[in-house]
Amino acid sequence: MLKEIRNRKGISQKELSEATKIKLRTIQSYEQKTKNIDNAKFETLIKLSIALDCRISELFNDEELKNLSKRARL
């Protein structure tokens, strides 16, 4: 979902990286699903949601939300 939201906002990965101070490679990894965004630090999710002007929950697909929910119950 991150990539879709970023594209809708017309922001490049580099611009998002600069706006959030999150490494470009990390953003690329989340978008390519080589790194699970549902394992991201809450601070990272907040930075992304602020930069993209969206709710944190919008950054996840259904499966990622399910995983995040399971993790939150532990």
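This is a predicted model: local features need pLDDT of at least 70, side-chain atom pairs count only at pLDDT 80 or more; totals for chains, interfaces and linings use all residues.

Me: How is the crossing of two helices read, and at what angle do H1 and H3 cross?

Reply: Helices (H or I, at least four residues) and strands (E, at least two) are DSSP runs, numbered from the N terminus. Axes are lines fitted to C-alpha atoms, for helices over the stretch in contact, and angles run from 0 to 180 degrees between N-to-C directions. Here, helix H1 (residues 2-9) and helix H3 (residues 24-32) have axes that come within 8 Å and cross at roughly 115 degrees. That makes H1 roughly perpendicular to H3; angles under 35 degrees count as roughly parallel, over 145 as roughly antiparallel, 65 to 115 as roughly perpendicular and the rest as oblique.

Me: Which residues of H1 and H3 meet?

Reply: Contact means heavy atoms within 4.5 Å. On the H1 side, Leu2, Lys3 and Arg6 meet Ile27, Tyr30 and Glu31 of H3.

Me: What is a salt bridge, and how many does a search of the whole structure find?

Reply: Side chains of opposite charge can pair when their charged atoms come close. The term applies to a side-chain nitrogen of Lys or Arg within 4 Å of a carboxyl oxygen of Asp or Glu. A search of the whole structure finds four salt bridges. One of them joins Arg6 and Glu31, whose closest N and O atoms are 2.5 Å apart. Arg6 lies in helix H1 and Glu31 in helix H3, so this pair ties together parts that are 25 residues apart in sequence.

Me: Which salt bridges have both partners in one helix?

Reply: Among them is the pair of Lys47 and Glu43, whose side chains meet at 3.4 Å, N to O. Lys47 and Glu43 are four residues apart in helix H4, and therefore about one helical turn separates them. Another is formed by Glu63 with Lys66, the closest N and O atoms being 3.9 Å apart. Glu63 and Lys66 both lie in helix H5 (residues 62-73), three residues apart, which is about one turn of the helix.

Me: Which residues of H3 are buried, and what do they pack against?

Reply: In H3, the buried residues include Thr26, Ile27, Gln28, Ser29, Tyr30 and Glu31. The buried residues of this helix pack against H1, helix H2 (13-20) and H4. Take Ser29 as a case: at 9% relative accessibility, Ser29 counts as buried. Leaving aside residues up to four places away in sequence, Ser29 touches Thr34 and Lys35.

Me: What is a nonpolar surface patch, and which residues make one here?

Reply: Patches are made of residues with over 30% relative accessible area and no salt bridge: like charges are joined within 9 Å, nonpolar side chains (Val, Leu, Ile, Met, Phe, Trp, Tyr) within 5 Å. Accessible areas come from the Shrake-Rupley method with a 1.4 Å probe, and for residues only the protein chains shown count as cover. Phe42, Ile46 and Ile50 make a nonpolar surface patch of about 320 Å². Phe42 lies in helix H4 (residues 42-52) and counts as exposed, because its relative accessibility is 56%.

Me: Where is phi positive in a residue other than glycine?

Reply: Lys21 has a positive phi, near 65 degrees. Lys21 lies in the loop between H2 and H3 and is exposed, with a relative accessible area of 70%. Asp53 also has a positive phi, near 50 degrees. The place of Asp53 is the loop between H4 and H5, and Asp53 is exposed at 64%.

Methods:
Residues are numbered from 1 along each chain as its sequence is written. Side-chain values use heavy atoms; hydrogens and water are left out. Buried means under 20% relative accessible area, exposed over 50%, partly exposed in between (1.4 Å probe, protein chains only).
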